[in-house]
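Please keep the sequence and the model in view while reading.

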Amino acid sequence: MLYLKEANYEDIEKEYVFVHRMPADENGMTNDWYGISFEEFENVALRQMIASSKGEALPEGYVPETFLFLWDDDEIVGQFRIRHYLCDSLKVGAGHIGYFIQKEHRGKGYGKEGLRKALQFARTIIPEDEIYLRVNKDNPASLKVMLHNGGYVEHEDDSKYYVRIKK
């Protein structure tokens with residue numbers, strides 16, 4: 001069964017393995033905690049993930065962001081991050097949702113179904129009329145996932161498409 005679950009201490013071992021393996025930056029999805037130790041994950045990263053979802057201890061200019069892991073039964077296959085509203089930099093940048101599917105799980109529909117579930121969650125907290133996403137032009141699979149979930153390309157630049165999905 002496929003489901004999203006917020007970052008939490010109950011699943012810390014599996015969350016750690018996933019985050020530890022996730023690249024520092026792939027297709028614009030960043031991971032500040034790539035390669036960290038379990039102790040750093042437990043005492044710093046996971047604390048920050050959980051606090052961020054509550055709008056606590058945010059760096060200057062940041063908005064609350066919920067970290068959701070995409071589970072297939074008892075295995076984490078992806079991560080979705082939902083920023084609760086847009087600040088000026090997010091309006092022209094990364095937008096509301098970023099996501100990452102582990103390489104060995106790509107091409108199996110996890111992105112499509114994970115984004116569908118993330119959009120359901122996002123619609124309950126995002127105040128804007130549309131949900132903003134951004135995708136690199138060299139990542140056509142991710143663009144296809146967004147379009148499949150009701151997205152349309154609002155505009156583009158040399159390297160990215162800016163996708164909007166009606167709330």
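A salt bridge is taken here as a side-chain nitrogen of Lys or Arg within 4 Å of a carboxyl oxygen of Asp or Glu. The model to which this is applied is a predicted one, and the structure holds 11 such salt bridges.

The side chains of E113 and K117 meet with a distance of 3.7 Å from N to O, and because the two residues are four places apart in helix α4, about one helical turn separates them. E113 also forms a salt bridge with R116, where the closest N and O atoms are 2.4 Å apart; these residues are three apart in helix α4, which covers residues 110-123, and so they too are separated by about one helical turn.

Which parts of the chain does the salt bridge between D74 and K14 tie together? The side chains of D74 and K14 meet at 3.9 Å, taken from N to O. D74 lies in the loop between β4 and β5, whereas K14 belongs to helix α1 (residues 12-21), so the pair joins parts that are 60 residues apart in sequence. D74 is exposed, with a relative accessible area of 53%, while K14, at 40% relative accessibility, counts as partly exposed.

A further group consists of K5, E10 and D11, which are linked in a network of salt bridges.

## Aromatic pairs

A pair of aromatic rings is described by the distance of the centres and the angle of the planes. With rings counted as paired if their centres lie within 6.5 Å, the count comes to seven aromatic pairs. In one of them, the rings of Y3 and W71 have centres 6.2 Å apart and planes at 5°, and the pair is therefore stacked, the cut-off for stacking being planes under 30 degrees apart. This pair links distant parts of the chain, since Y3 is found in strand β1 (residues 2-6) and W71 in strand β4 (residues 65-72), 68 residues apart. Y3 is partly exposed, with a relative accessible area of 25%, whereas W71 counts as buried at 3% relative accessibility.

The rings of F80 and Y99 are also stacked, because their centres are 5.1 Å apart and their planes stand at 15°. F80 lies in strand β5 (residues 75-83) and Y99 in strand β6 (residues 97-101), so that the pair ties together parts 19 residues apart in sequence. F80 counts as buried, at 0% relative accessibility, and Y99 is buried as well, with a relative accessible area of 15%. Separately, ring pairs link Y16, F38 and F41 into a cluster.

R164 lies over the face of Y132, at 3.6 Å from the ring centre, and K137 lies over the face of Y161, at 5.2 Å from the ring centre.

The side chain of E156 makes a polar contact with the side chain of K137, at 2.5 Å. E156 is found in strand β8, which covers residues 151-156, and is partly exposed, with a relative accessible area of 46%. Between the C-alpha atoms of E156 and G109, which are 47 residues apart along the chain, the separation is 25 Å.

## Backbone with positive phi

A57 has a positive phi of about 55° although A57 is not a glycine. A57 lies in the loop between α2 (38-53) and β4, and is exposed, with a relative accessible area of 79%.

Note on methods:
Residues numbered from 1 in each chain as written. Predicted model: local features only at pLDDT ≥ 70, side-chain atom pairs only at ≥ 80, totals over all residues. Heavy atoms only, no water. Phe/Tyr/Trp six-rings, centres within 6.5 Å; stacked < 30°, edge-to-face > 60°. Buried < 20%, exposed > 50% of the residue type's maximum accessible area, 1.4 Å probe, protein only. Lys NZ or Arg CZ within 6 Å of the ring centre and 35° of its normal. Polar contact = N/O pair within 3.5 Å; in protein donor to acceptor, adjacent residues only side chain to side chain.
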